[in-house]
Amino acid sequence: MVTEGDPTALAKVLHLLMLSFSWGMQVWVTFIAGFVLVQQVTLHT
């Protein structure tokens, strides 16, 4: 039973999705995209 102040199941799922999306984007930009750009882009660029 939901009482005042307790998050609903929908709020919990949305919170989990937003956290996982944010963390996944940080990992992608930091490691995967970063290493690919270092190897593919010329020094002049």
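Colleague: Which residues form the nonpolar patch on the surface, and about how much accessible area do they have together?
Modeller: Keep in mind that this is a predicted model. The patch is made up of Phe21, Met25, Trp28, Val29, Phe31, Ile32, Phe35 and Val36. Taken together, their accessible area is about 830 Å².

Colleague: Take Phe31, then: is Phe31 buried, partly exposed or exposed?
Modeller: Phe31 sits in helix 1, which runs over residues 9-40. Buried would need under 20% relative accessible area and exposed over 50%. Phe31 has 46%, so Phe31 is partly exposed.

Colleague: What about Thr8, and where is Thr8 found?
Modeller: Its relative accessibility is 39%, so Thr8 counts as partly exposed. As for the place, Thr8 is in the segment before helix 1.

Colleague: How far apart are the C-alpha atoms of Thr8 and Val41?
Modeller: Along the chain, Thr8 and Val41 are 33 residues apart.

Colleague: What span should helix 1 have, and what separates its end C-alpha atoms?
Modeller: Helix 1 has 32 residues, and at 1.5 Å a residue it should span 46 Å. The separation of its end C-alpha atoms agrees with that, at 44 Å.

Colleague: Where does helix 1 bend?
Modeller: The chain has 1 helix and 0 strands. Helix 1 bends by about 35 degrees, and the residue is Ala33.

Colleague: Which residues does the "transmembrane region" annotation cover, and how far apart are the end C-alpha atoms of that span?
Modeller: The annotation comes from an unreviewed UniProt entry and covers residues 16-38. In the model that span is 100% helix and 0% strand. Its end C-alpha atoms are separated by 32 Å.

Colleague: What share of the accessible surface of the chain belongs to carbon and sulfur atoms?
Modeller: Of the 45 residues, 0% count as buried. The accessible surface comes to about 4,500 Å², and the carbon and sulfur share is 73%.

Technical notes
Residues are numbered from 1 along each chain as its sequence is written. This is a predicted model: local features need pLDDT of at least 70, side-chain atom pairs count only at pLDDT 80 or more; totals for chains, interfaces and linings use all residues. Side-chain values use heavy atoms; hydrogens and water are left out. Patches are made of residues with over 30% relative accessible area and no salt bridge: like charges are joined within 9 Å, nonpolar side chains (Val, Leu, Ile, Met, Phe, Trp, Tyr) within 5 Å. Accessible areas come from the Shrake-Rupley method with a 1.4 Å probe; for residues, only the protein chains shown count as cover. A salt bridge is a side-chain nitrogen of Lys or Arg within 4 Å of a carboxyl oxygen of Asp or Glu. Helices (H or I, at least four residues) and strands (E, at least two) are DSSP runs, numbered from the N terminus. Buried means under 20% relative accessible area, exposed over 50%, partly exposed in between (1.4 Å probe, protein chains only). The expected span of a helix is 1.5 Å times one less than its number of residues. The bend at a residue is the angle between axes fitted to the seven residues ending there and the seven starting there. UniProt positions are given in the numbering used here, feature names are shortened, and annotations may be inferred rather than shown by experiment.
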